[in-house]
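Here is a walk through one protein model, element by element. Keep the sequence and the coordinates open side by side.

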Amino acid sequence: MGELGTIDSRTDRAAPRGLMPYGVALILGGGLLVFARSLEHTAFSAILVAAGAALASVALGLAAFALARRRAAAPSIATIERVIGDDATPCLLTGSDLTLRFANRAAVERLDVAPGMALPDVLRDRLAHPAGLLERLARRIDLEGVASEDVLVGDGAVRVSGRLVARDLIYWRVDDFTAAPEDETGVPTLSVGRNGAVLAMNGAARRLLGRRVRDLTELTGGPDPRNGGVYELAACDGRRRFEIRRYQAGPGRSEVALLPATELGALADRLLESLPIALAKVEPNGVVTAANAEARELLGLEDGPGARLGQYLEGLGRPISDWLADASEGRGLNRPEFLRLSRAPEETFVQVALTRVGGADLIAVMTDATELKTLEAQFVQSQKMQAIGQLAGGIAHDFNNLLTAISGHCDLILLRHDKDDQDYDDLVQINQNANRAASLVGQLLAFSRKQTMKAELLDLRETLADLTHLLNRLVGERVSLELRHEPSLPAIRGDRRQLEQVMMNLVVNARDAMTEGGRILIETERLTLRAPMKRDRAVVEPGEYVVVKVSDTGCGIPQDKVRSVFEPFYTTKRNGEGTGLGLSTVYGIIKQSGGFIFLDSDPGVGTEFKLIFPAHARPAATPVQPPAASRPSVPRAHTDAVILLVEDEAPVRAFASRGLRHKGFTVIEAENGEEALSLLEDPALSVDLIVSDMIMPGLDGPAWVRRAREAGRDVGVVFVSGYAADALEASVEEMENAVFLQKPFSLAVLAETVQTRLDETMPPQVTEAG
């Protein structure tokens, strides 16, 4: 017959539980009879027999009456199934939870039911929105016991009726009508043919829209709506949100039902609105049709309906419309792109990934990627700084060799000219400019943080006081320079020459920012941090610090350029007015000193640089010792000393050998370490001191000197190099009886260094009395 199975027999099993009180009375009466028979035939036993018989008779009578009444009041389940089993209309029995318990033959054939299905799922292929309909009917059945509702489907209608037939049991009928009821109530429905042409509209649809719709795209104002999508439609009483359900009604024909947006859809909208992820719905032409709160805040959507994504994003390298068109056709989906907000006051990057949600519409998932791009830029900058540092090291080596040769030969020429000579001043100018070139190489090493430091404890008040006269000359007459010091200021550890260079660079930049004049203020103060201070991705640990502030009243620096001012060769000045190395040098020196530098600038108001140095305790003052008794000085002349000079640069070797010979030393030259070792193989050759370049082709300085010492040539060594000292001094310190001399050096410095090493390694010469 097509039944799914018999209904749960809880209703029949309820009868014995209802008769339980009568059964107890019957048992009690029987017990009295049994007890009376155990007694002797007395008046008391007769009374018990009479009472037990009466109690049992009453219980049997009442139980029979109750059972008959129950069977008369409720039809049996089998009776219900027999009545509806052969009905030509689909009939079903469900529980109050709408779970299917029985279906007649007509329901099985027309509705394609299966055991355990829910009634909304059974009717989903027949009705556009069965869940809401059945929910309304179930509420009315619970209150009134019966309910019915008609639903328009195309040119016809479906009537769904329900009745409560027993506790937790509802009887349902699904009646089909060939024509809609005269009142045409129900779901607005459109019959749609091929290519989206609307063939017919039921009365509910005509009353809802107030017009005749010729094409489905006319309904939504865009491409064909997707099944299950929620759209805002123009109804007679204003724009309203509807869910569109589409069902196949035959070859080339479908039914489109317009369902009011459900509470579930509203809940989903609220959920999307509160998500911490920026989501926007975008049409292929770039029009943003919907955006949640996060997306509106990120993009700054203020244009309302019709705003286009291309108005807010840029930097793709091609038109945004082309990108969206490709994505709507399925190309490049889920591949994130980094774009830039065109309307943001600060540079803001957005990572955008597109995905299709049905049809050609797109969902844009957006993430603020500014921090990621900043980290990427920092990484690129660090690589650039590393590359420039390596370049600076190579440049420093070559330049320092050239400058050593230039200044050294200039010293040799000066030895042959008196101050009254007309060429003397020109030679001095050559020498001074060579020293200035050496200072420029020092700047290259500074921003790569490879400059040689001669750290010492400094009192910033004294350092700045000594520099005040020079700074006043730098700023000129239209700019006033003011210094303010905190009375009690700890010492800092740094290189005095480098810190003076920092202050001069900052003051010169401040002066150049005030073309119409102004004020430069230099302040020092003590800073005590109880907790870490985080700023500009730097963390200043707790402790004692000394702060130097250099502020001006100049034109300021735009916010989009603040992050770039410390980059090498970046400058905001016009061509010819700056090299872009000043602030890079400052940054390198401050970092090399263990400090921090921060920049605050307000265009049109001024700029402030804040330098933070770790504070150091001053050493305890040592008592002044009385002068020691005079003793005869040791003669320093070692005219018979033999110097082995090893240098691969011919001009430097020529200058050094001539200069040392001029000072009275015997010099033996070698071009590289291998040649030097070959010379030392001669046991007759006595060498008192070695002067060697550190970096040479083949064996470097320390390598060949170690081999020489292993062969028994344990003499003092002076290593020279044009590379940064801090990168090489560690190798020198590992060797005994060795010192380092940085190129470029003058003849006087070279001679003094050689003489000092000879004094330390050779016994003093004693002159006999005549």
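Helix 7 buries Pro130, Gly132, Leu133, Leu134, Leu137 and Ile141. Buried means under 20% relative accessible area, exposed means over 50%, and partly exposed lies in between (1.4 Å probe, protein chains only). Helix 7 spans residues 130–144, 15 residues in total. From first C-alpha to last it reaches 21 Å, close to the 21 Å expected at 1.5 Å a residue. That expected span is 1.5 Å times one less than the number of residues. After helix 7 comes Gly145, with a positive phi near 90 degrees. Helices (H or I, at least four residues) and strands (E, at least two) are DSSP runs, numbered from the N terminus.

The model is predicted: local features need pLDDT of at least 70, side-chain atom pairs count only at pLDDT 80 or more, and totals for chains, interfaces and linings use all residues. Residues are numbered from 1 along each chain as its sequence is written, and side-chain values use heavy atoms, with hydrogens and water left out.

How confident is the predictor? pLDDT is its confidence in each residue, from 0 to 100. The protein averages 77, and 74% of the residues score at least 70. Over residues 766–770 the pLDDT is below 50, and this stretch has zero contacts in the model beyond near neighbours in sequence. A contact means heavy atoms within 4.5 Å. Where pLDDT is low, predicted coordinates should not be read in detail.

Six strands form an open, antiparallel sheet in the order 12-11-16-15-14-13. Strand 12 (288–291) and strand 13 (313–314) are the edges; each has a single partner strand, so one side of each lacks a neighbour in the sheet. Two strands pair if DSSP finds at least two bridges between them. Strand 14 (residues 337–341) and strand 15 (residues 349–356) pair over four bridges. There, Glu337 stands opposite Val352 in strand 15.

Helix 12 (residues 320–328) lies across strands 11, 13, 14, 15 and 16. Helix 12 runs at about 30 degrees to strand 15. Axes are lines fitted to C-alpha atoms, for helices over the stretch in contact; angles run from 0 to 180 degrees between N-to-C directions.

Next, a helix pair. The axes of helix 19 (residues 650–662) and helix 23 (residues 747–761) come within 10 Å and cross at roughly 65 degrees. Helix 19 contributes Phe655, Ala656, Gly659 and Leu660 to the contact, and helix 23 contributes Leu747, Leu750 and Val754.

Conventions:
pLDDT = per-residue confidence, 0-100.
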